[in-house]
Amino acid sequence: MTPFRSMGAGIRASAWTLAVAGWLAAPFAHAQDAGPLRHQVRAGDTLYDLAQAYLEDPGQWPALARANGNPNPYRLQPGSVILVPDDLLRRKPGGARVVHVSGDVRYTTRSGATGSLERDMRLIDGDRIATGSGGFVTLEMADGSIVRVAGESELGLERLKYSVVKKRAETSMTLDKGRVESRVAPQRPAGGRFEIDTPLMAAGVRGTEFGVSVQAGGAATSDVLHGEVELRVLRSGASSRVRAGVGGAVTAEAPEATLAPLPAAPDLSGVQPLQQRPVVDLAFPPLEGAVAYRAFIWPQGTAEQVADNLVSREPRVRFAGLQDGAYLVRVSGVDARGIEGHPTIKSIELDARPEPPVTLAPEDGGRTDRPHVLLRWAEVGDAVGHRLQVSRNEAFTDPIIDETMGPETSRELQGLASGTYYWRIATIVRGRDGQPDPGPFSEARRFMVRLPVGTGLSVYQEDESVTLRWDGEPGQAYLVQIAPDTGFAQLATEYRTERRQWSLRGLPAGEYFVRIQATDTDGFVREFTSPQRFRINRFVRSGTGSLRTGDGREVHLR
């Protein structure tokens, strides 16, 4: 059983402020399983006085009477107990309405009842909120003030009073952990007050936009974007006025707050506005003086409806689990004191669906010595086709293959020359209008074709001239080395050429070894081929005129 019932029609959020017309007329929710507040009667107490004290409305005394067996409203027995039901408390003026919640957010009532916070619930004095990692909640107070509770925070709602007649609010909250950001409606001078307490300091305002944070180590900070905030150190009672563009920090040992300019806004100009992966990944230059960064993301046009938020120790933020659409990202730097700085807001477009298939083969960076390669990818359930691109460069500026295919999950490439190739694949589904709807391409995958070189080496000798010939590919360059041993410890000669042959003279007769190193058209330098043996003969003519080698063997010419 949920402890709150919906308040009905919601209020639309718009750029940090919410319209409040009709808010007071909305039916309030109440806690069904929360215990009542117990008041021990003192001499002179009346139900009229108790209705005024607890419900801010003396006209509620009949409801209070019915909840307590209809005692004489003017002659209450001292020492007896009057119960103030929680549903009456939740119908009084004041309180806080949940206008948005995302992620893991829990509440605890004054009586100890707990549950998951939901939109349109109404919170009152004594309730507490705890947000998990990435959790977020936006509260609207009766006077239109907005309170935004970031992830990993704990906030107690101590006093949420509002006078309908005087149009005056008294709001007091306690932040024990995490961060709260507030946009406070201007308070009437006669008693209006908005205050956020921490274990070390209190931040009070009459109308401004500011944040309060409690660090893991215990320090408390405040940062002011508009207006002015009064910081009061609880340990010493010292107070400071913090104006817009300035932040204050208080530690356990400090007798007063340390004030400093807010860190500058991060530079998000280089962030890619089009995000085509399910995980939004935004990297930006480090901000001088920042030790961390706080980021929020929300759909465009819904400023209070934060979808996710986080704190990163590096100048890079990632958000997962978002639907495709237009978003705004807000990033602020955090200095070593914990003071959070001016924000930068960046518009991005998430277009990651339909997701591309997982590429299966060849292995990224793999190599083959064959002129044909089989590309394979995983099946996507609702795919009606695919778009395949193959290119000799990673930017795909001039693809050698750019084709739309059916639902098959493989494609064989044939007749490939040596070189480096890149390929990527996209899923095509049937759109809502029945037309093909292609998604983004997968990450580029690389493979290399290195056809064999030097496997068909031939040696031709004519008199003292020796010609070597070998197989290769157009555009390749070659380093040819000759040595008298297989280890090539001491070269007899070497030669660089772009031709696939070499004619040389002057080597003494004997046994030699040759190896060839090719450089492909893409600049890839191959390993040397395995050494191949050949022999150079020295020719002499006998007295009879026959041609013989240096060791006396006769050479028969055809």
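**Second largest cavity**

I looked up the lining of the second largest cavity first, and its residues divide into four nonpolar, three polar and three charged; in this scheme Ala, Val, Leu, Ile, Met, Phe, Trp, Tyr, Cys and Pro count as nonpolar, Asp, Glu, Lys and Arg as charged, and the others, Gly among them, as polar. I note that this is a predicted model, in which local features need pLDDT of at least 70 and side-chain atom pairs count only at pLDDT 80 or more, while totals for chains, interfaces and linings use all residues. Residues are numbered from 1 along each chain as its sequence is written, and side-chain values use heavy atoms, with hydrogens and water left out.

The lining consists of Gln-461, Asp-463, Glu-464, Val-466, Leu-504, Arg-505, Gly-506, Leu-507, Ile-536 and Asn-537, and I read a volume of about 60 Å³ for this cavity. A cavity here is a set of points, on a 1 Å grid over the protein atoms alone, where a 1.4 Å probe fits but cannot get out, whereas a pocket is an open set with protein on both sides within 12 Å along at least five of seven lines; lining residues have an atom within 4 Å of a point. Grid points are joined across faces, edges and corners, and a volume is the space filled by probe spheres set on the points.

**Sheet β38-β39-β42**

I then traced an open sheet of three strands, which has the order β38-β39-β42 and antiparallel pairing. β38 (458-462) and β42 (501-505) stand at the edges with a single partner strand each, so one side of each has no neighbour in the sheet. On average, neighbouring strands of this sheet are turned by 20° against each other, direction ignored; axes are lines fitted to C-alpha atoms. Strands are DSSP runs (E, at least two residues), numbered from the N terminus, and two of them pair if DSSP finds at least two bridges between them.

Between β39 (residues 465-469) and β42 I found five bridges in the antiparallel sense, and Ser-465 has Arg-505 as its bridge partner in β42. Arg-505 also belongs to the lining of the second largest cavity.

How many cavities of 30 Å³ or more does the structure hold? I noted three, and the largest cavity has a volume of about 90 Å³. Of its 13 lining residues, Arg-179, Glu-181, Asp-223, Leu-225 and Arg-330 lie nearest its centre. By class I recorded four nonpolar, three polar and six charged residues in this lining.

The largest pocket has a volume of about 500 Å³, and among its 23 lining residues Gln-215, Ala-216, Arg-294, Val-311 and Arg-313 are the closest to its centre. Its lining has eight nonpolar, eight polar and seven charged residues. Strands that each supply at least two residues of the pocket lining include β13 (168-183), β16 (209-214) and β27 (325-335), and these strands each supply at least two residues to the lining of the largest cavity as well.

**Pairing around β37**

Which strand pairs with β37 (residues 445-449) in the parallel sense? I found that β30 (residues 366-368) does, over three bridges, with Arg-367 opposite Met-448. Strand β35 (residues 419-430) is joined to β37 by five bridges and runs antiparallel, and there Thr-420 stands opposite Met-448.

Conventions: Helices (H or I, at least four residues) and strands (E, at least two) are DSSP runs, numbered from the N terminus. Axes are lines fitted to C-alpha atoms, for helices over the stretch in contact, and angles run from 0 to 180 degrees between N-to-C directions.
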